[in-house]
Amino acid sequence: MNKIRAAITGVAGAVPDYILTNDELSRMVDTSDEWIMTRIGIKERRIIRESGVGSSEIGAKAVRELLAKTGTKPEEIDLLVCATVTPDMQFPANGNVISDKIGIRNAFSFDINAGCSGFLYALSIAARYVELGKCKKAVVVGAEKMSSIVDYQDRTTCPIFGDGAGAVLLEPTTEEVGIFDEILQSDGVGRVHLHQKAGGSVKPASHETVDAREHYIYQEGQAVFKWAVSKMADVAVEVMQRNNITPENLAWLVPHQANMRIIEAVAKRMGISPEQVMINIQKYGNTTAATLPLCLWEWEPRLKKGDNIILATFGAGFTWGAMYLKWAYDGK
Ligand code: UT7
């Protein structure tokens, strides 16, 4: 009998309507469109402006679209994994909230927090359930409202992040498509360089933590940059080599969208051309766990069955990883 693999059989995305431009940011902090474009490569990002709307709302929107376009009923889903660092609440999990909003009642659902690598980690976990025959239809959704933890007085972080969500459907297949290989890694020493100081159990919210602006993203950009380039490239190249993927037979690299310069450095180490790389950082910024599915969503019409694709990511933790898959269907 042929091996059962998990294959992505549909993808959908959702971004908020409001566009926060570099020009608007330049009126909030001492920065410029020129600096942001040169150092990061972001022109604009989407932001949830309405009060009382959390990341589950755009996550649910992406999942709703996913089920509609794949002709899937909510009751057919047996697993939903949500990757996020900005859940609606500390608990319960965003996965539970999204499942409730969609009417997914025959599934178990939970969250994965692996920073910007969350989607890849979640995809890997869901794939195992599918490969084992425990799940027939699994949804993996990355959903973030990064604007809820961005300090719009801090020019070193506020240009980087945006809000968004993307979701994929995973199903078993015995064809030569789907997820073939992956490398996932983490190193907790990285936590000093990228974290949120307060709001967890070490430093619960207090007047002092709010006054000290400790409920926002803290990032030492240069340290994160160096780790991101080297670790993301290492695993992407390793996954390439051990699956006999060459620059000639690779269709697409789907990299985490954190910084245009990081993406270019990784592509260079892989020896591939810019035309082989999915890049939408200029319009969405870094949407953390949503960057990979948002890329797949946008590129879906151009994807062909059998395309060799490598996903690569790096994020808070530090966490990083790369996955090799063969696309399972022709995009419409
Ligand atoms: O997704 C999770 C993983 N995160 C990442 O991968 C992010 C990795 N890091 C980066 O992308 C980059 O390090 C940043 C985009 C965060 C910063 O770029 P950089 O080229 O590393 O800049 P820098 O931190 O070395 O700062 C250079 C200068 C500094 O001024 P001085 O000290 O040289 O006078 C900063 O104060 O640029 C200044 N600066 C800015 N200037 C204008 C920092 N932010 C801004 C800004 N506008 N927004």
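Q: What makes Asn94, Gly95, Val97, Ile98, Ser99 and Ile102 of helix α4 count as buried in this predicted model?
A: Buried means under 20% relative accessible area. These residues of α4 (residues 94-102) are classed as buried, so each falls under that cut-off.

Q: Which elements do the buried residues of α4 pack against?
A: They pack against the helix α3 (55-70) and the strands β4 (79-83), β5 (108-112) and β6 (138-145). Just after α4, Gly103 has a positive phi of about 85°.

Q: How do you know that α7 and α8 meet, and through which residues?
A: Contact means heavy atoms within 4.5 Å. On the α7 side the residues in contact are Phe225, Ala228, Val229, Ser230, Met232, Ala233, Asp234, Ala236, Val237 and Met240. On the α8 side they are Arg261, Ile262, Ala265, Val266, Arg269 and Met270. By class this contact holds 12 nonpolar, 1 polar and 3 charged residues.

Q: Why is the crossing of α7 and α8 called right-handed?
A: A crossing is right-handed if the near helix is turned clockwise from the far one by less than a right angle. The axes of α7 (residues 221-242) and α8 (residues 260-270) cross at roughly 35° and come within 9 Å. The turn is clockwise, so the crossing is right-handed.

Methods:
Residues numbered from 1 in each chain as written. Predicted model: local features only at pLDDT ≥ 70, side-chain atom pairs only at ≥ 80, totals over all residues. Heavy atoms only, no water. Axes fitted to C-alpha atoms, helices over the stretch in contact; angles between N-to-C directions. Helix = DSSP H or I, 4+ residues; strand = E, 2+ residues; numbered from the N terminus. Nonpolar A, V, L, I, M, F, W, Y, C, P; charged D, E, K, R; others polar. Buried < 20%, exposed > 50% of the residue type's maximum accessible area, 1.4 Å probe, protein only.
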